[in-house]
Amino acid sequence: MRPMKSLLATLLTAGLALGAASPTLAAGEHSHDAGTMTLTLDHGKKWPTDASLRKGMSGIRTVIGSALEPIHKGTLPAARYGELAAAIESEVDQIVKTCKLPDAADAQLHIVLAQLLEGVEGMKGGEHRQAGAVKVVSALDAYGKHFDHADWKPMAH
C-alpha cells in the first residue's frame with residue numbers, strides 16, 4: 001500500500017497535469033492545488049461510475065456518516081478522527097487500485113479524491129480536524145452532483 005503523502009502527491013500531480021492539458025480542468029494559471037480545479041459535468045450529464053467506485057464512495061459515506069453528529073457538536077475525540085481518516089484513506093486506496101473509468105471521468109474523479117485526501121490530512125492533525133471532516137463531506141456531495149451513482153443522497157450538514 002502506498003503511503004498517504006505519496007498517494008496525495010500522485011493525485012495532485014496527475015490533477016495538475018490534466019489541468020494544464022485541458023482548459024476545462026484548469027481553474028487558473030497560478031493554481032497549485034486540486035481544490036481549485038473545476039469539477040464539471042460531462043456535457044450536462046453526470047460522469048459514469050463503476051461498481052468499485054460506487055462501493056468505495058458508499059463506504060466513505062458510511063464511515064463519515066457514522067460520526068456526523070459528534071463532529072457537528074465538536075465532541076468527537078481526536079483519536080476517533082484518526083480512525084475515521086484511516087478508514088477513508090483505505091477506501092480511497094482501494095478506489096485508486098480498482099476503479100476503471102474513461103479518461104475524462106477519471107480526471108474528474110481525481111479532483112474529488114484529492115479533496116477527500118485533503119480532508120483526511122486535516123482530520124489527522126491539530127486543530128483543524130473538524131474542518132477536515134467538513135472537506136470530506138463537501139467532496140462526497142460534489143461526487144454525488146457530478147457522478148452517476150444510483151440512490152446517492154447528499155450528506156446532511
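## Salt bridges

Glu-121 has a relative accessible area of 24% and is therefore partly exposed (buried means under 20% relative accessible area, exposed over 50%, and partly exposed in between, with a 1.4 Å probe and protein chains only). The model is predicted: local features need pLDDT of at least 70 and side-chain atom pairs count only at pLDDT 80 or more, while totals for chains, interfaces and linings use all residues. Residues are numbered from 1 along each chain as its sequence is written, and side-chain values use heavy atoms, with hydrogens and water left out.

The structure holds 5 salt bridges (a side-chain nitrogen of Lys or Arg within 4 Å of a carboxyl oxygen of Asp or Glu). In one of them, Glu-121 is joined to Lys-124, with the closest N and O atoms 3.7 Å apart. Both residues, Lys-124 and Glu-121, belong to helix α5 and lie 3 residues apart, about one turn of the helix (helices, H or I with at least four residues, and strands, E with at least two, are DSSP runs numbered from the N terminus). Lys-124 is partly exposed at 36% relative accessible area. A network of salt bridges links Glu-121 and Lys-124 with Glu-89.

Another salt bridge connects Glu-118 with Lys-135 (3.3 Å, N to O). Glu-118 is in helix α5 and Lys-135 in helix α6 (residues 129-146), so this pair ties together parts that are 17 residues apart in sequence. Glu-118 is buried at 18%, whereas Lys-135 is partly exposed at 32%.

Helix α4 (residues 78-98) has 21 residues and reaches 31 Å between its first and last C-alpha, close to the 30 Å expected at 1.5 Å a residue (the expected span is 1.5 Å times one less than the number of residues). Its buried residues are Tyr-81, Leu-84, Ala-85, Ile-88, Glu-89, Val-92, Asp-93 and Ile-95. Helix α4 also holds both Arg-80 and Glu-83, 3 residues apart, about one turn of the helix. Their side chains meet in a salt bridge (3.3 Å, N to O). Arg-80 is partly exposed at 29% relative accessibility, and Glu-83 is partly exposed at 46%.

The 22 residues of helix α5 (residues 103-124) should span 32 Å at 1.5 Å a residue, which agrees with the 31 Å between its end C-alpha atoms. Because 17 of these 22 residues are buried, α5 is largely enclosed by the rest of the structure. Gly-126 follows α5 and has a positive phi, near 60°.

## Aromatic cluster

A pair of aromatic rings is described by the distance of the centres and the angle of the planes. Rings of Phe, Tyr and Trp (its six-membered ring) pair if their centres lie within 6.5 Å; planes under 30 degrees apart count as stacked, over 60 as edge-to-face and the rest as tilted. By this rule there are 2 aromatic pairs. Tyr-143 and Phe-147 are stacked, at 5.3 Å centre to centre and 15° between the planes. The rings of Tyr-143 and Trp-152 have centres 4.9 Å apart and planes at 80°, so they are edge-to-face.

Tyr-143 is buried at 0% relative accessible area, as is Phe-147 at 0%, and Trp-152 is buried at 14%. The charged end of Arg-61 sits over the ring of Trp-152, 5.7 Å from its centre (NZ of Lys or CZ of Arg within 6 Å of the ring centre and within 35 degrees of the ring normal).

## Surroundings of Met-57

Met-57 is found in helix α2 (residues 51-65) and is buried at 0% relative accessibility. Apart from residues up to four places away in sequence, Met-57 touches Ile-95, Val-112, Leu-116, Leu-140, Tyr-143 and Trp-152 (contact means heavy atoms within 4.5 Å). The C-alpha atoms of Met-57 and Gly-144 are separated by 9.5 Å, although these residues are 87 residues apart along the chain.
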